[in-house]
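This report describes selected features of one protein model. Please look over the sequence and the structure before reading on.

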Amino acid sequence: MILTTGPASHDPTLDFPELALHARPTVRLHPRRGAPGSRDSHLGGPLWWPAAEPWPSCAEHRDVNGRPSGPYPLVAVAQLTAADFPEIRFPDGTDLVQLLWCTDWHDQPHPEGWGQACRLFWRRADDVTDPLGDRPDPGEVEDEDMVPRACVLHPERLTEYPWREELPPGLADRHEAWLAERGLDDDVSTVPGCKLGGSMRWGVTDLPGAMECGECRAPLELFLQLDTYEYDMDAGDRFRPLEERHLDPRSEAGRAAREPTGMTVGRGGHAGLYVCAADPRHPASLFTQ
Ligand SMILES: [Zn+2]
Ligand SMILES: [Zn+2]
């Protein structure tokens, strides 16, 4: 299946060149419910996991009100391969990355310990010669909203423009004024939905002052955005794939397309998993909006 984002209201490379210098690539993942294989790229599917390696659990949530109930196994969120996503900067010798997280609340962005609750595993797929058959039963999941349904991915490469606070002073305002004069919407910045790379919208809190790695202080960059909704209900929304525009967003099929993972991220917003620009193996940071 191919899913295609609609045409943008304008093209900064032609219409507003001042912004064009800040273009960034992003990959819309277009997750849709399905049955991915354990070696495939997916959200919420079975991981290609070595049977001999202990399944990770959250060190912080070992007990509830003093009653031992954990440790909670982490939940599989995403698995991405180098073959499907050559734009990922895989550390040398690796070609598979897996994201697992604790479904319970952790303070943000990354106090000590968060590194244990939201983890990226970088592997070489061929090193897993004896894969785990069944992933462990997560048992009592603290927050079902944080568990993605199994989805296959239909990647689409787009160019987008960054969140206003990541641009030079005044540029976002000039872009906005230019759009307002023409009665256009900004549908080229901070693409919504699940995506790889690019820039996240910080509409709830401002962009934190210091976006740097907790381990080495290198800048953080957006690795993966996870979103409650892939696009708006509005029929004219550019981000409603052309192939799905016949679906009523209120129908079951429409809801499955618009909210494929079934997760409620943040308070119905989105989350960005950021990694260290110098070494993606340093502990990742999650920010919700
Ligand atoms: Zn936890
Ligand atoms: Zn670092």
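What is the order of the strands in the open sheet that contains β14? The order is β10-β1-β11-β12-β13-β14, six strands with antiparallel pairing. This arrangement, like everything below, comes from a predicted model.

## The sheet ending in β14

Each edge strand of this sheet pairs on one side only. The two edge strands are β10, covering residues 156-160, and β14, covering residues 285-288.

The neighbour of β14 in the strand order is β13. Strand β13 spans residues 270-276 and is joined to β14 by four bridges, the two strands running antiparallel. Within this pairing, L273 stands opposite L286 of β14.

## The loop between β13 and β14

D279 is located in the loop that connects β13 and β14. Its relative accessibility is 17%, so D279 counts as buried, the cut-off being under 20%. A polar atom of the D279 side chain lies 2.9 Å from the backbone nitrogen of R281.

For comparison, the ideal angle for four tetrahedral donors is 109.5 degrees.

C276 belongs to the residue range of β13, 270-276.

## The sheet containing β9

A further open sheet is made of six strands in the order β2-β9-β3-β6-β7-β8, again with antiparallel pairing. Its edge strands are β2, residues 32-33, and β8, residues 118-123, and each pairs on one side only.

How many bridges join β3 to β9? There are two, between residues 42-43 of β3 and residues 151-152 of β9, with the strands running antiparallel. One of the residues involved is H42, whose bridge partner in β9 is V152. In general, the strands of a sheet pair through backbone hydrogen bonds, either parallel or antiparallel.

How values were computed. Residues numbered from 1 in each chain as written. Chains lettered and ligands numbered in written order. Predicted model: local features only at pLDDT ≥ 70, side-chain atom pairs only at ≥ 80, totals over all residues. Heavy atoms only, no water. Pairing = 2+ DSSP bridges. Buried < 20%, exposed > 50% of the residue type's maximum accessible area, 1.4 Å probe, protein only. Polar contact = N/O pair within 3.5 Å; in protein donor to acceptor, adjacent residues only side chain to side chain.
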